[in-house]
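Please have the sequence and the model open as we go.

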Amino acid sequence: MEDHILIRYGELSLKKSNRKQFITKINNNIKRALKQFEKLTYESRGLRFYVLLHGEDAATVSQLLKKVPGIYSFSVVSRTTSDLSAIQETAKMLVQQEFKQGAHTFKVETSRGDKRFPLTSLEITKEVSRYLFQQLPGIQADVHHPDFVLSLDVRQEGTFLYTDIQKGLGGFPAGSLGKTMLMVSGGIDSVVAGYMAIKKGMTIEAVHFAAPPYTSDLAVQKVVDLLEKIIPYTEYQSIRLHIVPFTTIQKAIYDACREDYCITIMRRMMYRITERLAQKVGALAIVNGENVGQVASQTLESMATIEDVVGIPVIRPLATFDKQDIVDVAKQIDTYDISIRPYEDCCTVFVPKHPQIKPSLSHAKQEEQNINFAEMIDYAVEETVRITLKKDSHYIYNANQNEINDDLF
Amino acid sequence: MIYFDHAATSIPSSTVLEVYQQVANMVWYNPSSMHKLGVVAKNYIDKATITILNTLALQGKTIYYTSGATEANNLAIYGICMPYIGKNKHIITTQIEHPSVYRVFQDLEKKGFRVTYLHTHNGFVDIEELKAALTKDTILVSMMWVNNIIGSIQPIGEMIQVVKAYSHAKIHVDAVQGIGKMPFDYNANEVDLMTLTMHKIGGLKGTGLLIASQALALQTMIHGGHQQHSVRGGTMDVAGIVAASKTLTLAYQHLDAHYQYVQNLNHYLLERLKDIPFVTINQSRGKYSPYVVSISFSHIKGETVMHYLEQYDIYVGIGSACNEKQQTLERAIQVLTDETWRAINMIRISLSEHNTTQEIDELIVRIKALERM
């Protein structure tokens, strides 16, 4: 039976000095990601990691493994003792299944990690193939373009047989490279940027700017729903969301500043607040979905003028992506349909007719003289609401509504 | 009243009725409205969905709410198959499915699908026959968990393993007679589509559930607004859905106790039936649900027995209202009972936690009196 999943690690095997730490991290991440499957047990062997299924469904487990950063590839494998006749029997069963499912040709590949095994890799391949031809008349080998490859991995701890290799997510183990603040609007890009950051080993805490009544609870709920989609990729299967009350600042800007600079200044305020929150939670950088040239606030001039207000690095995973490529990732992580829900967010409520695409830093600073923003920023940071989103418990955001009575359910 | 027809429908729980009324009164808003009231209503549905999935340990699945099990079965099967129309695909079900599955398969057969109806022996499918039937063109296998007429429990766990090992077919399980009455004896997470209804377990008519794997794309069967991922249009019934959540919560709270209690009743009943010479018990070796007992009389029609018992305020089900003129019998019943006389002379006694041994005693007295008829 296919009773194990064999996991191979990706880039982390390159990082010699930290390798051990990385491996501990990813092993723990895998266990947390698969926590719902109570029967699973685990076996770690250097750069390989085995999940023992004990009857849990391989396909369901595989779906979750595809969301664990740092996995290069994995295979659902059958384990048997390193003994030729046992290997042959198991091989027969697997090959039979593949042919039943419509494959026509195959080939056998052997890797012998256990050099004590009496036959060489080539000899094992030959012996197993010979047995298969004899036992399963009508099957065909094709060494160049087989429909599937039966891999035999002869190791000290047993022999592992498998017929497919599934691609993992790649990247670094979630949480291995420090914490960042993700600015998230509710659009297509920001959550994709967050996903990229997590995949590359960063922890994210999300920051969302809410401007009720210009924006509704539905807009916040949209952000919650988006973030819940990327929780399975995270280290602790959870994401913290900071909801910043932004109405006062936004109104002040639109009352007091030049219309074409409003967006620039609004973004500067958001950056300032995000940096303050980063200091509070010990985050080292800001991540956002900015994309060079996409809108007025994302020209290089705008980025320079806006970024000027913060001292920590700003990481823009999507900076050079084409829009379609971002959409493709959004669809892949299942956030696209949520992103296109038609609610107003802070960035769409007040849109000037002709925003400045080449704002100057000095002008921006001058415009800001018109508002006493220091106090407003203190207030916004102070009044920020934090909620923790967790796997398997959908968060319902309804700040102003009565709690639902649990007894009804 | 002595009610032994719980497999047809059950006594609604007063708690569930209260929940329905309360929510219908309080949250009558349209969950698709974009204003705050709509959000409130939608939150109730979301919470009900999460509660249900947690109760069933099926976190991560999607629930489509329908008008009942019939619609859910139709949605599951048509939803999977319709995109493949004209593509010479193969689908599998059994001879003893409920009409809401069986007739859909018959319709699909007319539409050009190749259909295998698995045979049953004493109400059980043979997994080897299934294994042999699977091909690379098989796109769906639909099998009921617990049979509604004689209570046979299909080997769903083995079925899943075989289907997954030998095909890429999707798996549909009609779980109507099992859910909330007995614990899953298979890994329900591996089932792609599962049909439930609430009114058989103390809930209300009008709410069926189709629990689907998230990755599954179902063809729309009821076109309308964009409700339920556009798969099933129509304003969603908030109160009905919350009541469904309550129904399952209650059923699972008492699952083990009720199962044990009904199993004892079942033994009590069978002990007394087996000594009546003109009664044949339509259950032999194998796994049967304790909630369903099927018997046939050697000399009287089931329909007559039913009407006779109702004079004493005792209510049982019958296999089928046989049409004398056309000499047609419900297909499943014929298959399940092997012989025509057993099908015609059959009654179904379906139990619940509301029944007592005293009620069984009274039923036995009335049945014994039938000797002279």
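**A helix pair in chain B**

In helix 3 of chain B, the residues B:Thr70, B:Asn73, B:Asn74, B:Ile77, B:Tyr78 and B:Cys81 meet B:Ser100, B:Val101, B:Val104, B:Phe105, B:Asp107 and B:Leu108 of helix 4 of chain B, where contact means heavy atoms within 4.5 Å. The residues of this contact divide into seven nonpolar, four polar and one charged, with Ala, Val, Leu, Ile, Met, Phe, Trp, Tyr, Cys and Pro counted as nonpolar, Asp, Glu, Lys and Arg as charged, and the others, Gly among them, as polar.

This is a predicted model, in which local features need pLDDT of at least 70, side-chain atom pairs count only at pLDDT 80 or more, and totals for chains, interfaces and linings use all residues. Residues are numbered from 1 along each chain as its sequence is written, chains are lettered from A and ligands numbered from 1 in the order in which they are written, and side-chain values use heavy atoms, with hydrogens and water left out.

Eleven of the 13 residues of helix 3 of chain B are buried, so this helix is largely enclosed by the rest of the structure; buried means under 20% relative accessible area, exposed over 50%, and partly exposed in between (1.4 Å probe, protein chains only). Among the buried residues are B:Asn73, B:Ile77, B:Tyr78 and B:Cys81.

Turning to chain A, A:Asp308 counts as partly exposed, at 38% relative accessibility, and A:Asp308 touches A:Arg268, A:Leu361 and A:Lys365, not counting residues up to four places away in sequence. A:Asp308 and A:Pro212 are 96 residues apart in sequence and 28 Å apart in space, C-alpha to C-alpha.

Key. Helices (H or I, at least four residues) and strands (E, at least two) are DSSP runs, numbered from the N terminus.
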